[in-house]
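User: Please take a close look at a single part of this model. I would like one connected account.

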Amino acid sequence: DELSLYSKIEGNEVPLDKKPVNVDQYFTECVEGIILDVEINGMRMNYINTVAKDVNVIMDHEQIRRVFNNLVSNAVKYVEVENGQILVRIDDEGDDIHIAVADNGKGIAPDDLPYIFDRFYRTDASRNSKKGGSGLGLSIAKKIIEKHNGKIWATSMINVGTTIHFTLPKQKLMYKEKEEKSLRMKTIYPILKVTTAMRGKHMDD
């Protein structure tokens, strides 16, 4: 359950399997994986990605999908307006990728906004109870994003909607070069071994 997961993440008992992941392909798959749930609930989902197709981020793809699905599911649960809409937008911000999940719901009061990522904090206890919320989803999301060296925050306006933002560091050129060098060495090393062995044989002859 979410309480157990939160405790494990907080206690560093959930190892992250961070790897380079293509932004365009990954988030397109994330949207495709959840859009049916959005539409079944009578809402519309739009997706905008302005990031170049060759950009990668370093992340644990399962944990970031958990964050993404949680943010979209929250919007589906709590928009509670006719013609509900969700917008997922991905932008390149230099060293980071900025992901935003926006809705056109009732918004969050300014007094509540700074606390929505706190453990067990609920802006409307009766609503969360009715919808089955644990009060831990955003806290878990925050922990996961921070363990990726990213940031997560919210902006909201009453009767306009709420946007949850998070960032993920892009794959650095140095990391790319190191990875490519490692791949080259894996390719070259067997050749070097064969060449060295052949030289040794010629010297013996």
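With which side chain does the side chain of lysine 170 make a polar contact?

Analyst: The side chain of lysine 170 makes a polar contact with the side chain of aspartate 92, at 3.1 Å. A polar contact is a pair of N or O atoms within 3.5 Å; within protein, one must be able to donate a hydrogen and the other to accept it, and residues adjacent in sequence count only if both atoms are side-chain atoms.

The model is predicted: local features need pLDDT of at least 70, side-chain atom pairs count only at pLDDT 80 or more, and totals for chains, interfaces and linings use all residues. Residues are numbered from 1 along each chain as its sequence is written, and side-chain values use heavy atoms, with hydrogens and water left out.

Lysine 170 sits in the loop between β7 and α6 (173-204). Helices (H or I, at least four residues) and strands (E, at least two) are DSSP runs, numbered from the N terminus. Lysine 170 counts as buried because its relative accessibility is 18%. Buried means under 20% relative accessible area, exposed over 50%, partly exposed in between (1.4 Å probe, protein chains only). Beyond its neighbours within four places in sequence, lysine 170 is in contact (heavy atoms within 4.5 Å) with Val55, Asn56, Val57, Asp92, Gly94, Asp95, Asp96 and Ile97.

Now the strands around it. Strand β4 covers residues 85-93 and strand β5 residues 96-103. They run antiparallel, joined by 8 bridges. Aspartate 91 stands opposite histidine 98 in β5.

β4, β5 and β7 belong to an open sheet of 5 strands, in the order β2-β4-β5-β7-β6, with mixed pairing. Two strands pair if DSSP finds at least two bridges between them. β2 (44-49) and β6 are the edge strands, each pairing on one side only. Neighbouring strands here are turned by 15 degrees against each other on average, direction ignored. Axes are lines fitted to C-alpha atoms, for helices over the stretch in contact, and angles run from 0 to 180 degrees between N-to-C directions. Helix α2 (residues 23-40) lies across β2, β4, β5 and β7, at about 175 degrees to β2.

β7 (residues 161-169) is joined to β6 by 6 bridges, and the two run antiparallel. Methionine 157 has glycine 161 in β7 as its bridge partner. β6 and β7 form a hairpin with 3 residues between them. In the turn, asparagine 159 has a positive phi of about 65 degrees. β6 (residues 152-157) has a covered face of Ile152, Ala154 and Ser156. Its uncovered face holds Trp153, Thr155 and Met157.
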